[in-house]
Amino acid sequence: MDALTFDRPWILWVFAAAAFLLPRIPFVGKFFNVINTALHEFGHVLVALLFDGDVRKIDLNGDASGTTTTAMKGKFSSFLCALAGYPMPISVAWLAVWLLQQGVDVGLIVGLSVLFFVMLLFWIRNAYGVVWVLLFIAINVGLIYLNNPLWIRYAALFYVVMIVVESVVSVLTLFYLSVRTPDHAGDATNLDRLTHVPAFLWSLLFIAYVAFVIWRMVITITC
């Protein structure tokens, strides 16, 4: 990446520590973790739209959980819809690293804001989800209005690190749940019911994909 991150690698570690510690702060701590949740739910939405499904609503919650209610028209499309959630945030982070390398910091921030605004217009209806999207957009509008390249770069980088850290935490949590309570392991449980492949194997697949993308991102940053 550019000098901001390559010559100052400590910044990445500071942001990673912040991404890990912020959720422990009561009430407001999980605010930025919802970025990952929103992207996860967008993964379900995207597949539903591509396969002519019906997206009925999205809930984004204060504990960084979320749900997407869809109606799919076949078993295969339901399988892809259930599969799409966990890979989406880390895939977006992978794309975001490339955008940061190209210097498209504002584009990344605007892109996330527009995506979440579209989700708000069409599907997000619960109170926390609505407030969260509006606050997230307000923060980014403020950053762009102030037009400080350093602040914008830090914000974009922080969003990416937050998505990566939360992607790791979420797939590891999913694995724990799929082993301890396989009937209550979210997407892994749904995939188990659709395919009869145990939930923990699906969680391992998600872990493998997240690890692969992080490895590719490290290569991209250091080369």
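**Notebook: hairpin, core, patch and salt bridges**

I began with the hairpin of β1 and β2: it has 5 residues between the strands, and A64 there takes a positive phi near 75°. I note here that the model is predicted. I then looked up how the two strands run. Strand β1 covers residues 54-60 and strand β2 residues 66-71, and they pair in the antiparallel sense over 6 bridges. Across this pairing, K57 stands opposite T69 in β2.

Next I asked what T37 touches. Leaving out residues up to four places away in sequence, I found contacts with L60, A64, S65 and G66. T37 itself has its place in helix α3, residues 34-50. I looked up its accessibility as well: T37 is buried, because its relative accessible area is 5% and buried means under 20%.

I moved on to the largest nonpolar core, which has 68 residues. The members that touch the most other members are I35, L108, F116, W132, F136, Y159 and V160. Helix α8 (residues 149-180) gives this core its largest share, 14 residues. Not counting residues up to four places away in sequence, I35 touches F116, W132, F136, Y159 and I163.

I found a nonpolar patch of about 630 Å², made by V106, V110, V114, F117, V118, L121, F122 and I144. Helix α6 (residues 105-122) supplies the largest share of the patch, 7 residues. One of the patch residues, L121, is found in helix α6. L121 counts as partly exposed, at 48% relative accessibility.

Last, I searched for salt bridges. How many does the whole structure hold? The search finds 4.

- K73 pairs with D52, with the closest N and O atoms 2.9 Å apart. K73 lies in the loop between β2 and α4, and D52 in the loop between α3 and β1, so the pair ties together parts that are 21 residues apart in sequence. K73 is exposed, with a relative accessible area of 65%.
- D59 pairs with K57, with the closest N and O atoms 3.7 Å apart. D59 is buried at 16% relative accessible area, whereas K57 is partly exposed at 37%.
- D105 pairs with R153, with the closest N and O atoms 2.8 Å apart. D105 lies in helix α6 and R153 in helix α8, so this pair ties together parts that are 48 residues apart in sequence. D105 counts as buried at 11% relative accessibility, and R153 counts as buried at 4%.

Terms used
Residues are numbered from 1 along each chain as its sequence is written. This is a predicted model: local features need pLDDT of at least 70, side-chain atom pairs count only at pLDDT 80 or more; totals for chains, interfaces and linings use all residues. Side-chain values use heavy atoms; hydrogens and water are left out. A nonpolar core is a set of buried Ala, Val, Leu, Ile, Met, Phe, Trp, Tyr and Cys residues joined through side-chain atoms within 4.5 Å. Buried means under 20% relative accessible area, exposed over 50%, partly exposed in between (1.4 Å probe, protein chains only). Helices (H or I, at least four residues) and strands (E, at least two) are DSSP runs, numbered from the N terminus. Contact means heavy atoms within 4.5 Å. Patches are made of residues with over 30% relative accessible area and no salt bridge: like charges are joined within 9 Å, nonpolar side chains (Val, Leu, Ile, Met, Phe, Trp, Tyr) within 5 Å. Accessible areas come from the Shrake-Rupley method with a 1.4 Å probe; for residues, only the protein chains shown count as cover. A salt bridge is a side-chain nitrogen of Lys or Arg within 4 Å of a carboxyl oxygen of Asp or Glu. Two strands pair if DSSP finds at least two bridges between them.
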